[in-house]
Every structure is written in C-alpha cells, then in structure tokens.
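Student: I am new to this structure. Could you show me how to read its salt bridges and one of its helices?

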Amino acid sequence: MQQNGSSGPNGSNGSNGSGSDRQQQHQAARSFSPLLSGGGGASTRVRRFIQERRTLPLPLPRVMVVFSAAGEPDKPGDAMLSVPGCGSGSGSGSDCAAAEDFRKPASTTPSYTLTKPLRSSINTQEQEFPEVISLNVGGTYFTTRLSTLRRYEDTMLAAMFSGRHYIPRDAEGRYFIDRDGTHFGDILNFLREGELPHRDRVRAVHREAQYYALGPLLDSLEDTQPLTGEKVRQAFLDLMPYYRDNLERIVEIAKLRAMQKKARFAKLKICVYKEEMPITPYERPLFNSLRFERSDSESKLFEHHCEVDVSFGPWEAVADVYDLLHCIVSDLAERGITAEQQCIGVCDKHLINHYYCKRPIYEFKITWW
C-alpha cells in the first residue's frame, strides 16, 4: 500500500524530488531500531547520526554557463546561468533562488570583457623600412634607396628588404649584411644604372652576384670577357673527364716529393699528347693499316703507358697541346701554386716494326715558397 503520497514502488514523491531521500532515512532508522531500543550511549550516537543525515544539504543543481561572443558590447545578461527545471513556472523555489544568486555578480569582483580576439604573441606584421637605407656590409658602409634594393624580384636583396625577414643592425642603426663588402659597390651600381664592372673584377663580382642570386647581373657578366672565354675553355676540358683528377694527382705528388726532400721545388714528368701516336704524313698510310689490322698483342703496344707521373690525352678538338698546357698552369695558379713547364723530349719507346712512341714529355717545376 502506498503511503505519504508516494507514486510508485520506488517511493518517488510527486510534489518534489526528496521523497526517495526521506524513505532511505526511514529505512536507515528502522535498521538501527535494535540499537535504539537498547538505550545507552550507542542509541544516542545513532540518533545523532540520523539527525545529521536529515540535515545534509540536497545535491546542488547543475549549472550551465553561457558566454557571449567576443567583440559584442557588454550586457548584463552576457553571462547567463541556466538551471534545468527553473523558469517557465516549474522547479523548486530553492533551486531558482540559488540560480538567481549565481546570476548576480559579486560587487567586490571586477568584471573583464574581451573586446578583441586573442592573438599570438609572435608579431606577424611586416617590417617597415625607411626610403633611405644605410647598410653595413662586412664593415663597409653604403647608403642607397629602398627601391634600388628591391629593383629585381626573386633576388636575395629584394627578399631581405621585403619586410618578411628580420635584419640585424649595428650599433649605429645600419642594417648589417655578413658579407665582404669589397665588391658590393659594383652590385649597387648595377642595380642603379645597369653598370657592369671592369674586366679585372668580373670574376669576383660574378661570385657576389651568385651569392645575392642577382640573375640579371649574372646573365650580363656571362656574356662578357673573361667569362665568355671560360665557357669555351670548359667546353674543351669537358672532352677529358679525368682532367680534374689529374690536377689533384699533380698537387699530391709534388707535395709528397717536396716533403720527402725538404726542398722548395718539386719536379714531375707529364705527358701531354693530342693524338694516339704522332706521325709524319709519309708514315700515316702505313700507320692506318697497322692500326686497323693489328692483333691484340700489337694493340697493347700501341696503347702503352709512358713512364711519366701524369698523362693527358688524347682528345679530338682544334685546341693544341700548348692550349692544354696553358690550362694546367693557369688552374694551378688559381689554387695558389706556381708551376713552370718545359719540353724535355719524347717517350721514344719502341712499339712495333720501326715505330716508336713520339709523345712529348714535359717537366713541371712546382714552387712551394
């Protein structure tokens, strides 16, 4: 039989949600009835426990906090508390009163409103430059206009002063570029008026133009001397893929001999020949017949190695033996090595029949100090 207005077997009260809690308290009291009947200190403690359980506060209502969007003007109702079951005439009065207390801001607590969205601490704005730029290029000072540095796109200078990159400054406030400034004036002259450097400085300015990725200046320099002649020379040296390796061998052998003898000079024998076997016009018909009709053993005699330190050749080009000798000496000079050469004779090794090797032999003298 249902009692005390309970509406179901679970003992839930129809008027409020505290019926189940009261029923649990009555059941707890009945479970402790033997102790109550026993009297004494135990019964007193049980009664005190039941009274404290009755006075326990009910579970607090769930609260949902809603904030208004950033940038909207401050309104009293920007931060609203929504309590399920409160409002529209439903819910207990205590719950609604608690919600009203949460809605009221404390008078001693200041309120903060975000009028702008949060942004990263990293400054993403582009750096602004003055129209007149003072530069410190490796200790050499220059002054130019900002538009001059930005004249050509897709260059290192245009990218540096685009505002997207940080450029350090020296103690005087000049923008610092960690590069040798000896030929930076030639770079500025080209950016200002398209002026090209003197022939003596073409190679050095070409290296600076490569560093600054200044394409128009690179194209202009490569069409002038000595870079135009360098292209032709490299095309000739490409016919001998082993040319760079032979240069390294010359340097290593000369260094080793100078160290062993504790000498200032080192001498090497180098064979430089254009044809497989230099012959006279009268010997050419017979030589050609031997060349194409010789056996394997005879072929090895014709393709012998001269008794020298390094050998260059053969090649098929208009350039002569003396042209290759000039390339060897000049490339060694680029590395700071002084070399002198002179012809000391031919190989003169017997090959077949009455033919002897006639490849010229040159003596190279390397000076170390």
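**Salt bridges and a helix**

Tutor: Keep in mind that the model is predicted.

Student: Which residue does glutamate 131 meet in a salt bridge?

Tutor: A salt bridge is read from the gap between a side-chain nitrogen and a carboxyl oxygen, with a cut-off of 4 Å. Here the side chain of glutamate 131 meets that of arginine 145, at 3.1 Å from N to O. Glutamate 131 sits in the loop between helix H4 (93-103) and strand E3 (132-137), while arginine 145 belongs to strand E4 (residues 140-145), so the pair ties together parts 14 residues apart in sequence.

Student: How many salt bridges does the structure hold?

Tutor: There are 11. One of them joins lysine 231 to glutamate 222, with 3.9 Å between the closest N and O atoms. Lysine 231 is partly exposed at 46% relative accessible area, and glutamate 222 is partly exposed at 27%.

Student: Which parts does the pair of glutamate 248 and arginine 335 tie together?

Tutor: The closest N and O atoms of glutamate 248 and arginine 335 are 3.0 Å apart, and the two form a salt bridge. Glutamate 248 lies in helix H11 (residues 243-261) and arginine 335 in the loop between helix H14 (321-334) and strand E8 (338-346), so this pair ties together parts 87 residues apart in sequence. Salt bridges can also share partners: Arg203, Glu230, Arg233, Arg244 and Asp331 are joined into one network that way.

Student: Now the helix. Which residues of H14 are buried?

Tutor: The general idea comes from the turn: an α-helix has 3.6 residues a turn, so residues three or four places apart point the same way. In H14 the buried residues are Val321, Leu324, Leu325, Cys327, Ile328, Asp331 and Leu332. Seen down the axis of H14, they fall within an arc of 155 degrees, so they line one face of the helix.

Student: What covers the buried residues of H14, and what does the face turned away from them carry?

Tutor: The cover includes helix H10 (227-237), H11, strand E6 (265-272), strand E7 (310-312), E8 and strand E11 (360-367). The face turned away carries the exposed residues Tyr322, His326 and Glu334.

Student: How far apart are the end C-alpha atoms of H14?

Tutor: They are 20 Å apart, which agrees with the 20 Å that its 14 residues should span at 1.5 Å a residue. Just after H14, glycine 336 takes a positive phi of about 80 degrees.

How values were computed
Residues numbered from 1 in each chain as written. Predicted model: local features only at pLDDT ≥ 70, side-chain atom pairs only at ≥ 80, totals over all residues. Heavy atoms only, no water. Helix = DSSP H or I, 4+ residues; strand = E, 2+ residues; numbered from the N terminus. Buried < 20%, exposed > 50% of the residue type's maximum accessible area, 1.4 Å probe, protein only. Expected span 1.5 Å × (residues − 1). Arc of directions from axis to C-beta. Contact = heavy atoms within 4.5 Å.
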